[in-house]
Every structure is written in C-alpha cells, then in structure tokens.
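Student: Please take a close look at helix packing in this model. I would then like the account to continue to charge pairs and backbone angles.

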Amino acid sequence: MNKNDVLANIVSTVAMINRADIFQSLQKKLKGENVLLARLLESGGKSTPGALAELLDVTAARVTAIIHALEHKDLVERVSNGADKRKVTVQITEKGKTFVEGLKTEALHHSEIIMEKIGESDTHEFLRIMNKIIEVEKGEEKENKNSDSKPEKEEVNQDE
C-alpha cells in the first residue's frame with residue numbers, strides 16, 4: 001500500500017468512526033452543555049463564566065449561550081456576587097449533578113461496549129495511538145499559537 005492509499009484509508013476510517021452510532025452517541029455526551037457541566041462539577045460546582053470560557057477554550061458568548069440553555073433545564077443557576085450585580089457565579093444544581101453522574105455512567109457503558117467488541121488488548125492499542133495523535137495535535141496547536149503571537153517583520157523597500 002503506497003503513502004496516498006494509506007492517507008486515503010485514514011480519512012475513510014475516521015469518517016466511518018464519526019458515523020458509527022456508538023461513537024456518535026459518545027461524542028454527543030462529551031460536547032457543549034455536557035462538557036461545561038462536567039467541568040463545572042470538577043471545579044467544585046461553581047465558577048465564573050469567564051473562567052469556564054477559558055477552561056473550555058471557547059468564547060464568552062458561547063459560554064453565555066450554554067449557561068442560558070442549562071438554566072432553562074434547571075441544571076445550573078447564576079448567583080450574583082454581592083453588591084455588584086454584574087458579577088455572577090455559575091453554580092451546578094442538584095439536578096445538574098445527577099445529570100452529570102448519569103452522563104458519566106452512560107459514557108462508561110458505551111466505552112465498555114467498545115472494549116468488549118474489540119478486546120482489551122486492542123482497546124489499549126487504540127488508546128495508545130489516539131493519545132499519540134492528541135500529542136501531535138497539541139504540538140501543532142502550540143506551534144501555531146507561537147507563530148501567530150510573533151509579529152512578522154515587514155520588509156522595508158528602500159526605493160520608496
């Protein structure tokens with residue numbers, strides 16, 4: 001198999017993984033509102049919207065939208081910080097805690113199904129390779145951020 005065939009196979013395989021029901025279900029549980037809730041619980045059950053935006057690496061507007069949606073589901077509540085009503089803390093509710101625990105249970109169940117189907121040895125190999133891919137991605141992100149933060153030197157045209 002030549003290099004182009006291998007690369008095409010990678011693209012095809014990743015596309016199939018993305019379409020696989022079991023992975024879609026797991027991905028859905030690990031996105032947006034669910035991730036914010038889990039991170040909020042991990043950080044002691046309360047945080048500021050700004051800290052959550054930074055933690056999730058999303059915009060403040062995105063976090064605000066997620067918080068708003070979670071409030072309507074009674075999974076979080078906003079609490080004003082004393083005299084300055086503009087400053088708020090987001091707090092997970094008991095219903096939110098129960099919801100996150102349910103998500104964790106479901107995610108573990110889906111992971112267990114995957115492991116049963118491909119075996120423990122292949123599961124370890126899958127995780128080893130995925131973690132290697134994540135390391136590569138993080139390295140590229142870091143390189144991109146470093147190159148973005150350094151202003152390019154402009155060439156000065158001496159003839160003008």
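Tutor: Helix axes are lines fitted to C-alpha atoms over the stretch in contact, and the angle between two N-to-C directions runs from 0 to 180 degrees. The model is predicted, so that local features need pLDDT of at least 70 and side-chain atom pairs pLDDT 80 or more, while totals for chains, interfaces and linings use all residues. Residues are numbered from 1 along each chain as its sequence is written, and side-chain values use heavy atoms, without hydrogens or water.

Helix H3 (residues 32–42) packs with helix H6 (residues 94–118) at an angle of about 110°, and their axes are 10 Å apart. Helices (H or I, at least four residues) and strands (E, at least two) are DSSP runs, numbered from the N terminus. H3 and H6 are therefore roughly perpendicular (65 to 115 degrees; under 35 is roughly parallel, over 145 roughly antiparallel, the rest oblique). The crossing of H3 past H6 is left-handed, the near helix being turned anticlockwise from the far one by less than a right angle.

Arg39 and Glu42 are separated by about one helical turn, because they stand 3 residues apart in helix H3. Arg39 is partly exposed at 32% relative accessible area, whereas Glu42 is exposed at 57% (buried is under 20%, exposed over 50%, partly exposed in between, with a 1.4 Å probe and protein chains only).

The whole structure contains 6 salt bridges. Among them, Glu125 pairs with Arg128, the closest N and O atoms being 2.7 Å apart. Glu125 and Arg128 lie 3 residues apart in helix H7, so about one helical turn separates them. Glu125 is partly exposed at 36%, as is Arg128 at 43%. Another salt bridge joins Glu71 and Arg78, with closest N and O atoms 2.8 Å apart. Glu71 is partly exposed at 24% relative accessibility, and Arg78 is partly exposed at 33%.

Turning to the backbone, most residues other than glycine have a negative phi. Asp57, not a glycine, has a positive phi of about 60°. Asp57 lies in the loop between helix H4 (49–56) and helix H5 (60–72), and is exposed, with a relative accessible area of 62%. Asp74 also has a positive phi, near 60°. Asp74 belongs to the loop between H5 and strand E2 (76–81), and counts as partly exposed at 48%.

How values were computed:
A salt bridge is a side-chain nitrogen of Lys or Arg within 4 Å of a carboxyl oxygen of Asp or Glu.
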